[in-house]
Amino acid sequence: MTSKRLARLVRLKKLAEQAEAAELADQRRSLTEAKGRLDDVHRAMDEAEASLDPAATASELVQVAAYRDHLSEKAKQQRAEVAKKAISVRTQEAEVKSAWQDRRLLEGVHGRAVEREAVEAAGKAHKAMEAIALSRYGKGE
């Protein structure tokens with residue numbers, strides 16, 4: 001494969017790596033938002049506990065308990081979402097690493113192809129110079 005073709009492949013791999021990295025950034029942002037929502041639920045649970053007056057009536061206690069149960073269920077859902085997004089981020093990190101490794105591998109192959117082509121071109125130029133020198137020597141010039 002020529003170095004020009006390999007250079008095109010390297011550019012394509014770099015674009016693929018950049019796309020994977022952009023997706024990873026989106027997923028990390030989504031994970032951070034999910035963690036923020038979970039923190040909000042925990043904060044609301046703490047506020048519900050703090051708002052409870054020691055002289056509260058039974059109906060107020062039942063109401064706070066129901067609200068706390070609701071928040072507990074919401075926190076459970078948020079933890080599941082955070083876990084799912086964390087797995088997604090780890091998977092995407094592996095994809096980015098793989099894309100990076102693929103690009104680096106192709107860059108190495110491209111570099112060796114460029115060197116090989118340069119050596120071949122130098123060899124051809126040397127042979128051409130030898131042929132000219134031999135032809136001139138043979139003519140007695």
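Which residue forms a salt bridge with E81, and how far apart are the closest N and O atoms? The views below show a predicted model, in which local features need pLDDT of at least 70 and side-chain atom pairs count only at pLDDT 80 or more, while totals for chains, interfaces and linings use all residues. Residues are numbered from 1 along each chain as its sequence is written, and side-chain values use heavy atoms, with hydrogens and water left out.

**View A. The salt bridge of E81 with K85.** The closest N and O atoms of this pair are 3.9 Å apart, a salt bridge being a side-chain nitrogen of Lys or Arg within 4 Å of a carboxyl oxygen of Asp or Glu. Both residues lie in helix α2, four residues apart, about one turn of the helix, helices being DSSP runs (H or I, at least four residues) numbered from the N terminus.

**View B. The salt bridge of D102 with K13.** Here the closest N and O atoms are 3.9 Å apart, and because D102 lies in helix α2 and K13 in helix α1, the pair ties together parts that are 89 residues apart in sequence. D102 is partly exposed at 33% relative accessibility, a class between buried (under 20% relative accessible area) and exposed (over 50%), with a 1.4 Å probe and protein chains only; K13, at 31%, is also partly exposed.

View C. Q78 is buried, with a relative accessible area of 10%. Leaving aside neighbours within four places in sequence, Q78 is in contact with A34, R37, L38 and V41, contact meaning heavy atoms within 4.5 Å.

Note on methods: Helices (H or I, at least four residues) and strands (E, at least two) are DSSP runs, numbered from the N terminus.
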